[in-house]
Amino acid sequence: MNGYTAHPVPPAALKELRATDDAGRVPAPVTDYEGGAPLRCCLRRSRAGERIALVSYAPLRRWAAETGADPGAYDEQGPVFIHAEECAGPDGDGLAFTNAHRTVRRYSAQGRILGGQLVEPDGFVPALREAFDDPAVAFVHVRAVEYGCFLYEVRRG
């Protein structure tokens, strides 16, 4: 156990995203014939034949709406894959998608970026420990390097 938990897109947000995404578009589900898409609902890769949707998601905007913070210009949205229909969510509480280079982006309680770090596949726990050693860091987002897409959130404590 590494002491850190990857938090997927929350179920209430998934329900909304399956109807209309954060860019105001109605999703167009497809059958993933090849598999391998990183699903943000259950934090695993899709399997061949599963129905998935690519939707626009604004994690900071949704977080700010819950907390009353104003992330200002840091409010960004981007593409994420989710199951087209409700799923059971993650089957564990560890870190997901750690088999490639990722970016760990740090945020304050006000939703401002406090920094980021490129992380090697074996460096997630030290990077998270370093991030949370800074008392100003409230949470981090783990993102794909190639496209900058949101993968999941890790919260303090």
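Trainee: Is Glu130 buried, exposed or partly exposed?
Mentor: Glu130 has a relative accessible area of 43%, so the residue counts as partly exposed. Please bear in mind that this is a predicted model.

Trainee: Which helix holds Glu130?
Mentor: Glu130 lies in helix H3, which covers residues 124–133.

Trainee: And what does Glu130 touch, leaving out residues up to four places away in sequence?
Mentor: Its contacts on that basis are Arg106 and Gln117. With Arg106, the two side chains make a polar contact at 3.2 Å.

Trainee: How far apart are the C-alpha atoms of Glu130 and Gln117?
Mentor: They are separated by 9.9 Å, and the two residues are 13 apart along the chain.

Trainee: Changing topic: how many aromatic pairs are there in the whole structure?
Mentor: The search finds four. One of them joins Tyr107 and Phe139, and this pair is stacked, with 5.2 Å from centre to centre and 10° between the planes.

Trainee: Where do Tyr107 and Phe139 sit in the chain?
Mentor: Tyr107 belongs to strand E6 (residues 102–107) and Phe139 to strand E8 (residues 139–144). The pair links distant parts of the chain, as the two residues are 32 apart.

Trainee: Why does Tyr107 count as buried?
Mentor: Tyr107 counts as buried because its relative accessibility is 0%.

Trainee: What about Phe139, buried or exposed?
Mentor: Phe139 is buried, with a relative accessible area of 3%; the cut-off for buried is under 20%.

Trainee: Which residue do ring pairs link with Tyr107 and Phe139 into a cluster?
Mentor: That residue is Trp63; ring pairs link it with Tyr107 and Phe139 into a cluster.

Note on methods: Residues are numbered from 1 along each chain as its sequence is written. This is a predicted model: local features need pLDDT of at least 70, side-chain atom pairs count only at pLDDT 80 or more; totals for chains, interfaces and linings use all residues. Side-chain values use heavy atoms; hydrogens and water are left out. Rings of Phe, Tyr and Trp (its six-membered ring) pair if their centres lie within 6.5 Å; planes under 30 degrees apart count as stacked, over 60 as edge-to-face and the rest as tilted. Helices (H or I, at least four residues) and strands (E, at least two) are DSSP runs, numbered from the N terminus. Buried means under 20% relative accessible area, exposed over 50%, partly exposed in between (1.4 Å probe, protein chains only). Contact means heavy atoms within 4.5 Å. A polar contact is a pair of N or O atoms within 3.5 Å; within protein, one must be able to donate a hydrogen and the other to accept it, and residues adjacent in sequence count only if both atoms are side-chain atoms.
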